[in-house]
Amino acid sequence: MGDTSGIKTADLVMKNGRIYTVDRNKSWSEAVAVTDKMIVYVGDSDGVESYVGPDTQVIDLKGKMVMPGFIDSHMHISAVTAEGDGVALANLPTLEAYLEAIRTYVTKCPNQDVIDGGGWGNEPFPPIGPRKEDLDTVVPDRPASLMSGDGHSVWVNSKAIEMAGVTKDTPNPPGGVIERDPDTGEPSGTFRENAMDLIYNVLPPFPVDRLKRGIHSYMKTAASEGITTVHDALLLMPDAEGTLLGYGNLRNNIEAFDQLTANDELTLRVRGTILTDPTKGAGQVAALKAQCAIHKHPHFQLTGAKVFIDGVVEGSTAYLVEPYRHMPDFRSESLWETDIANETFQEIDAENLQIHVHAIGDAAVKVSLDALEYAREKNGTLQTRHLITHLHVVDYADIPRFADLGVIGVPQTFWHLKGEYYDEISLPYLGKERADAQYPMKSFLDAGVMLAAASDYPVTVPSPPLVGIMLGITRCEPGSSNPDDVLNPKEKMTLEEMIESFTINGAIANFVEDITGSIEVGKMADMVILEKNLFDIPETEIADTKVLMTLFEGTPVFTDPSFQGIEK
Ligand SMILES: [Zn+2]
């Protein structure tokens, strides 16, 4: 052992592991030392001994795999309230099951002014969506508003429609649909996209305390899944009003994060983007910039703007180049007028703020790329890293444009499989050719586009990154070995590529690559210890691999009861 004077003993040492660092060379190590939240040593187990002092906690990894903490680059931590604290409809199969869950909730919360929550799917319903009459049978006396699992539609009862003052004479707002009874023309109970504002602009927003409870509950889940950084792509200006695409009930979410950071309660790192209003255009950029400038806590920062260009396929609101299969004259539309999108993107970029774009349809992807090209032309070069998320239906000819613009793709690999959605939505709505070309991934990589994977939680519940990693590789319903069940097989990713997209690439997408995303000296000690080495097991077992411990900035935020790693 050499001269160890001058080495400060570490707070934590982990040794005898298989540490996948995700550094530039994808190198493996055996040991790590952590002092003051930071990684101070990465190397072999002998070398780490000089960091062990009387107060050092030592974890003998006994050959376990360690990797960087996962980064979920597009999700909605503060929308989780609807799932965790309201009626939870996710994963229930039928209208009857929904009504039963709502009935139970109402009995449990007799004094709640508004019955809210959500997670319902479009699958059990005809294209018109769920009906107010059904909801009236379980909530007759007060407003009820239930968000769809995809976040693009709300199901309301008669009381909520009455409060909103919506009648058969109310026109559809631009970019929104009030579903109507085909016989009477009366609103039938489902409001889509911008039409959701008619409801949420009159119902009270979620109280800050409820949002904080939801965030706390998510952080627990996240820690157990190995997640140490997330991007909340749905923050609202505190005084937001107007066209909020139905998210007005989240108006207090920045305040919730401010209160949590003031008390240092965040046990993961949050980066976020603020929802923009398609009717306000560049006029809102100054306020955006001001909000981003005042949020600089290491655990909560705002990187720029969230822009919805379109909706979703299942709501027939994704903006397509060719018409929908089930509506042969209909392609939907862009939520942003082209000129306004161009000018707004240019101004946001000129302020060095990030644009995080939601684009599901191939035409929406084109609008996004066109606006970024416009911004580049006017600004000389793009000033910062912009993101396009979802990438559901993409014209493959557009993929090189991502590389050319340096746009990072943010796909949700949790959706990269067939199953019910493929049979009941993709095939009838898109037709076989487009359905089978859904969710390109490898094609982006081959074109030199960086991909940062994400869950879109709570659209996807639950959403452990290990499941996202597996599905990015298999593109197949777990348990099936039928090659016909694989969705768009040429887009399969490798394990290495999927790990990068949930770690270092996510760090780059969120401007935190200097502090996390890989296990390297000088970075924060965000790490996860796994039960098995992902490189040693069949790919179909990745999702079942246990997270044994998650460390956020050197502190264990989750320890599996079976893990007895710490020696002293
Ligand atoms: Zn989302």
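This is a predicted model: local features need pLDDT of at least 70, side-chain atom pairs count only at pLDDT 80 or more; totals for chains, interfaces and linings use all residues.
View 1. The domain assignment of the chain gives residues 12-68 together with 519-559 as domain 1, and residues 80-200 as domain 2. Domain 1 is therefore written as two stretches of the chain, whereas domain 2 is written as one, and these bounds come from an automatic or database domain assignment.

**View 2. The largest nonpolar core.** A total of 125 residues make up the largest nonpolar core of the structure, and the residues with the most contacts inside this core are Phe191, Ile469 and Leu534. The element that gives the most to this core is helix H11, which spans residues 362-379 and contributes 8 residues. Domain 1 (12-68 + 519-559) and domain 2 (80-200) both take part, since the core draws at least three residues from each of them.

**View 3. Thr56 and the polar atoms around its side chain.** Thr56 is placed in the loop that runs between helix H1 (45-48) and strand E6 (57-60). With a relative accessible area of 2%, Thr56 counts as buried, because this value falls under the 20% cut-off. Which backbone atom lies 2.6 Å from a polar atom of the side chain of Thr56? It is the backbone oxygen of Ala10. The backbone nitrogen of Gly53 also has a place in this view, at 2.8 Å from a polar atom of the Thr56 side chain.

**View 4. The largest cavity and the residues that line it.** The structure holds 1 cavity of 30 Å³ or more, and about 30 Å³ of space lies in the largest cavity. Its lining is formed by Asn122, Phe125, Pro126, Pro127, Arg192, Glu314, Ile425 and Tyr429. When these lining residues are sorted by class, 5 are nonpolar, 1 is polar and 2 are charged.

View 5. Leu427 belongs to helix H13, which covers residues 420-436. Is Leu427 buried, partly exposed or exposed? Its relative accessible area is 26%, and Leu427 is therefore partly exposed, as this class lies between the cut-offs of 20% and 50%. His326 is 101 residues away from Leu427 along the chain, while the C-alpha atoms of these two residues are separated by 9.5 Å.

Note on methods. Residues are numbered from 1 along each chain as its sequence is written. Side-chain values use heavy atoms; hydrogens and water are left out. Helices (H or I, at least four residues) and strands (E, at least two) are DSSP runs, numbered from the N terminus. Buried means under 20% relative accessible area, exposed over 50%, partly exposed in between (1.4 Å probe, protein chains only). A polar contact is a pair of N or O atoms within 3.5 Å; within protein, one must be able to donate a hydrogen and the other to accept it, and residues adjacent in sequence count only if both atoms are side-chain atoms. On a 1 Å grid over the protein atoms alone, a cavity is a set of points where a 1.4 Å probe fits but cannot get out, and a pocket is an open set with protein on both sides within 12 Å along at least five of seven lines; lining residues have an atom within 4 Å of a point. Grid points are joined across faces, edges and corners, and a volume is the space filled by probe spheres set on the points. Ala, Val, Leu, Ile, Met, Phe, Trp, Tyr, Cys and Pro count as nonpolar, Asp, Glu, Lys and Arg as charged, and the others, Gly among them, as polar. A nonpolar core is a set of buried Ala, Val, Leu, Ile, Met, Phe, Trp, Tyr and Cys residues joined through side-chain atoms within 4.5 Å.
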